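Biologist: I would like to go through this structure and ask what stands behind each label. Please show it first.

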Amino acid sequence: MEVSVIMGVYNANYQMLEQAINSILAQTYPYFELIICDDGSTNETYQWLLEFRKLDGRIIVVQNQQNEGLASALNHCIEVAQGELLVRQDADDFSAENRIEKLIQFASTHPEYGLISSNIGLFDTDGVWGRMNYPEQPQKDDFLFCVPFMHGAVAMRKSQVLQAGGYRVAKETRRTEDIDLFMRMYANGCKGYTLEELLYYFREDKQAQQRRRYRYRIEEAKVKWKGYQMLGLMPKGVIFALKPLIVGLIPQKLLNWLKDQYYQRKID
């Protein structure tokens with residue numbers, strides 16, 4: 001099975017970008033292509049990517065002439081991807097060295113799953129400080145409570161992504177392109193699975209976790225409303241579609257505690 005790692009980048013931090021790319025190039029499973037789309041960066045990101053490309057022939061660099069958002073950048077990557085398994089990687093996170101090996105082993109032996117992920121580690125400038133655990137076999141109802149997959153941690157069968165129409169480029173999906181795609185894939189009959197191992201590491205400051213802007217929560221509510229309709233989760237989905245608007249009013253400390261409970265988030 002051929003593997004394409006896809007990454008969208010906009011005005012990257014060099015050190016973070018280098019860590020993300022190196023974590024892919026150092027994988028124990030070496031047979032992949034790493035496709036990176038620069039989404040119209042206004043700093044030196046594109047030039048950095050061209051320099052990285054010189055170091056390893058597995059790197060393919062594409063570019064959007066203007067900033068169009070992550071959904072558009074990832075669609076650009078998918079257009080040129082040769083692999084049937086699309087492995088996501090964000091430009092400010094990193095992967096465990098055996099991540100692709102574990103994902104492809106599972107994908108090859110379990111063709112019934114179109115979305116495969118793992119549990120994740122949380123890290124900041126001081127190192128890994130915690131973890132998040134996700135449902136092992138997320139069902140449609142899991143989308144009511146929270147997103148049952150970390151976007152950067154997933155692997156997806158390209159055929160099922162294309163069947164769902166790829167990432168949807170719209171104002172309301174600027175920060176919710178993952179939720180929108182996953183729900184459409186599930187509506188098409190896709191099944192997902194989460195490996196219990198920590199294979200992906202997500203950058204999150206332990207002391208100063210960021211609150212999503214309220215306008216993005218309004219867009220998230222719109223996306224979830226449509227998604228719940230497709231998944232047949234209405235009318236019980238109404239209150240959960242409005243949940244992002246309610247969550248936006250919750251104090252940050254309480255919100256973090258709720259995340260700890262839902263994701264069984266462990267702090268080291």
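Modeller: Start with a definition: a helix here is a DSSP run of H or I with at least four residues, and helices are numbered from the N terminus. The model is a predicted one.

Biologist: What makes K224 and E220 about one helical turn apart?

Modeller: Both belong to helix α8, residues 214–230, and they are 4 residues apart there, so about one helical turn separates them.

Biologist: Why is the contact between K224 and E220 called a salt bridge?

Modeller: A salt bridge needs a side-chain nitrogen of Lys or Arg within 4 Å of a carboxyl oxygen of Asp or Glu. The closest N and O atoms of K224 and E220 are 2.9 Å apart, so the pair meets the cut-off of 4 Å. Both K224 and E220 are buried.

Biologist: Which residues does R168 pair with in salt bridges?

Modeller: One partner of R168 is E172, at 3.0 Å from N to O. Another is D180, with the closest N and O atoms 2.9 Å apart.

Biologist: Which residues are linked with R168 in a network of salt bridges?

Modeller: The network links R168, E172, D180, R184 and K226. A search of the whole structure finds 10 salt bridges.

Biologist: How do you know that S118 is buried?

Modeller: S118 has a relative accessible area of 2%, which is under 20%, so S118 is buried. S118 is found in strand β6, residues 115–124. Leaving out residues up to four places away in sequence, S118 touches Y134, A153, T194, L195, E197, L199 and Y200.

Biologist: What makes the chain as compact as a globular protein of its length?

Modeller: The secondary structure comes to 11 helices and 10 strands. The radius of gyration is 18 Å, close to the 18 Å that the globule rule gives for 268 residues, so the chain is as compact as a globular protein of that length. Buried residues make up 54% of the 268 residues.

Conventions: Residues numbered from 1 in each chain as written. Predicted model: local features only at pLDDT ≥ 70, side-chain atom pairs only at ≥ 80, totals over all residues. Heavy atoms only, no water. Helix = DSSP H or I, 4+ residues; strand = E, 2+ residues; numbered from the N terminus. Buried < 20%, exposed > 50% of the residue type's maximum accessible area, 1.4 Å probe, protein only. Contact = heavy atoms within 4.5 Å. Rg over C-alpha atoms; globule rule 2.2 N^0.38 Å.
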